[in-house]
Amino acid sequence: MARIGDMVEGMKKNPKNVRFLDLCRVCDFYFGVPRQQGTSHRVYKTPWSGDPRVNIQDDRGHAKVYQVKQVLTAIEKKEMEDALKK
């Protein structure tokens, strides 16, 4: 997990320079297998209602900044919910 943790910290420090494949690895770790892949988009299911998905898109090898921020917000929400369950 240290590697994933390092990636997340790097994304927090610089969301503008995130490789798409790194964002995919982070999303795979936190949200599991995407329900859609094979196109320029990957869609991950999240465990809460409302907007229950994370959608990321390959932009010439990099992730879009607003999507990196959405993923970071979803990770924080998931970690808070997991902590409340303990």
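Hi everyone, let's start with the pocket: strand E2 (53-59) and helix H3 (65-85) each put at least two residues into the lining of the largest pocket. Helices here are DSSP runs of H or I with at least four residues, strands are E runs of at least two, and both are numbered from the N terminus.

Before going on, this is a predicted model, where local features need pLDDT of at least 70, side-chain atom pairs count only at pLDDT 80 or more, and totals for chains, interfaces and linings use all residues. Residues are numbered from 1 along each chain as its sequence is written, and side-chain values use heavy atoms, leaving out hydrogens and water.

Back to the lining. H3 gives the most, with 6 residues. A pocket is an open set of points on a 1 Å grid over the protein atoms alone, where a 1.4 Å probe fits, with protein on both sides within 12 Å along at least five of seven lines; lining residues have an atom within 4 Å of a point. The space in this one is about 220 Å³, a volume being what is filled by probe spheres set on the points, which are joined across faces, edges and corners. Trp48, Asp51 and Arg53 are among the lining residues.

Now to Lys78, which sits in H3. Is Lys78 buried or exposed? Lys78 counts as buried because its relative accessibility is 17%, and buried means under 20% relative accessible area, exposed over 50%, partly exposed in between (1.4 Å probe, protein chains only). Beyond neighbours within four places in sequence, Lys78 contacts Tyr30, Phe31 and Trp48, with contact meaning heavy atoms within 4.5 Å.
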